[in-house]
Structure formats: C-alpha cells, structure tokens
Amino acid sequence: MTIERVPQKHYPKAGIGRRGMALGLDFLGVWLVSSLLGGSDIGIQFVEILVFVILWLVLRVLLVYNNQGQSLGRWAFDLKVLSVEDGQVMGRIPDLPSLLKREAIIGLGALLMSIALSNIRANPTAILLILPLAIDCGTAFYDAQMRQALHDRYCGTFIVSSRRGYSLDIKVKRLVENMRRNVRK
C-alpha cells in the first residue's frame with residue numbers, strides 16, 4: 001500500500017488593491033456611524049471610541065464568523081478570509097479566537113486612523129497615528145509568496161478571492177468604461 005499526497009486546493013491570492021478597498025469600505029462605514037454619534041469637541045471622544053470598537057467587532061468578527069469569512073467590504077469586493085496552518089491554506093474560516101486577535105490588531109490601527117481623521121484640523125501631527133496601520137498592512141507588499149500582512153501572519157489567516165460577492169470593483173470599472181465611451185461619442 002502506498003501513500004499518495006493529495007494536492008492542495010488552489011486558492012487565488014487577493015490583490016492588494018482589492019484588499020485595501022474592502023478594508024476602506026468597512027472602515028468608512030464604521031467611522032461614519034461612530035463619528036455621527038460622537039461629539040463635536042476636539043480631542044479624543046470616548047463615546048466615539050466605544051461605538052467604533054463595538055461596530056468594528058460586530059462587522060469584522062461576528063459577521064465574518066457567520067457569513068462564510070466575509071465582512072461587508074470583503075463581500076463587496078469578492079474576498080474572504082481563510083485560516084492557514086503550517087503554510088498551507090485551509091478551506092475553512094478561522095476560529096473565533098483567531099478572528100478576534102486578527103481584528104483587534106487591525107482594529108487598533110483603524111481606531112488610531114479614526115482618531116487622526118477626527119483631529120487632523122486641530123492638530124496636523126495627528127496624521128502620524130496612521131503609521132501603525134500603514135506598517136501593518138504595508139508588509140503585504142513585500143511578501144511575494146502569500147501576500148500576508150503582519151496581522152495575517154500572527155493570527156494564521158489569509159485573504160483569498162471568492163466567487164461569492166457583489167463584484168463592486170468590476171461593476172465600477174464597467175460603469176467608468178461606459179461613461180468614457182459615451183463622452184467620446
């Protein structure tokens with residue numbers, strides 16, 4: 001009797017641009033709601049931070065865990081998160097503790113970015129609060145093999161392209177192309 005190695009199922013890597021747009025869409029939704037509920041005072045608003053954290057956990061952990069690895073932004077751009085074990089992509093979504101760790105790391109960077117955007121007029125140096133998120137996500141540019149950011153490596157997750165979603169990026173490209181054709185005529 002011989003033992004044959006079963007080939008691993010291929011999961012297409014998600015592009016950096018699509019990942020960024022999905023994260024941006026999730027961030028924008030959470031930030032807008034938390035900003036509306038926060039005060040108009042300059043400085044750090046604790047109610048705004050609390051609303052941001054709660055909404056981030058609901059959108060990026062509970063929804064992902066119950067929606068086949070997709071948040072609202074990942075659904076809009078046909079992406080999903082899967083778990084990685086020993087460098088091999090598993091065909092399942094990460095468990096809840098892994099998702100919590102992953103989103104706590106990236107959520108902290110997003111929260112700092114939210115604080116920076118809320119205080120940029122009063123304190124232009126607040127733009128430096130974007131650096132942790134930029135460093136965390138920027139590492140995906142230099143990982144040619146897996147395209148994992150720091151939070152993905154630490155938590156054993158991987159973002160892949162999915163067939164399930166809205167394909168917002170493709171629909172916007174078609175719309176822009178149609179508009180260009182109509183302008184040329």
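Phe-27 comes out as buried, with a relative accessibility of 8%, where buried stands for under 20% relative accessible area, exposed for over 50% and partly exposed for anything in between (1.4 Å probe, protein chains only).

A word on the model itself. It is a predicted one, so local features need pLDDT of at least 70 and side-chain atom pairs count only at pLDDT 80 or more, while totals for chains, interfaces and linings use all residues. Residue numbers start from 1 along each chain as its sequence is written, and side-chain values rest on heavy atoms, with hydrogens and water left out. The mean pLDDT (the predictor's confidence in each residue, from 0 to 100) is 89 for the protein chain, and 92% of its residues reach 70 or more. Strand S2 (residues 88–89) has the lowest confidence, with a mean of 84, and helix H3 (residues 72–76) the highest, at 94.

Back to the rings. Aromatic pairs were taken as rings of Phe, Tyr and Trp (its six-membered ring) with centres within 6.5 Å; planes under 30 degrees apart count as stacked, over 60 as edge-to-face and the rest as tilted. That rule gives four aromatic pairs. In one of them, the ring centres of Phe-27 and Trp-31 are 6.1 Å apart and the planes sit at 10°, so this pair is stacked. Ring pairs also bring in Phe-52 and Trp-56, making a cluster with Phe-27 and Trp-31.

Next, the charges. Ten salt bridges turn up in the whole structure, each being a side-chain nitrogen of Lys or Arg within 4 Å of a carboxyl oxygen of Asp or Glu. Asp-152 takes part in a bridge to Arg-19, at 2.7 Å from N to O. Asp-152 lies in helix H6 (residues 150–155) and Arg-19 in helix H1 (residues 16–37), so the pair ties together parts 133 residues apart in sequence. Asp-152 has a relative accessible area of 0% and is buried; Arg-19, at 13%, counts as buried too. Asp-152 also meets Arg-102 in a salt bridge, with 2.9 Å from N to O. Here helix H6 is tied to helix H4 (residues 96–119), which holds Arg-102, so the linked parts are 50 residues apart in sequence. Arg-102, like Asp-152, is buried. These residues are part of a salt-bridge network made up of Arg-19, Asp-26, Arg-60, Arg-74, Arg-102, Glu-103 and Asp-152.

Glu-85 and Arg-92 form another salt bridge, at 2.4 Å from N to O. Both count as partly exposed, Glu-85 at 36% relative accessibility and Arg-92 at 42%.

That leaves the surface around Tyr-166. This residue sits in the loop between strand S3 (157–161) and helix H7 (168–184) and is partly exposed, at 37% relative accessibility. The charged end of Lys-171 sits over the Tyr-166 ring, 3.9 Å from its centre; the criterion is NZ of Lys or CZ of Arg within 6 Å of the ring centre and within 35 degrees of the ring normal.

Conventions: Helices (H or I, at least four residues) and strands (E, at least two) are DSSP runs, numbered from the N terminus.
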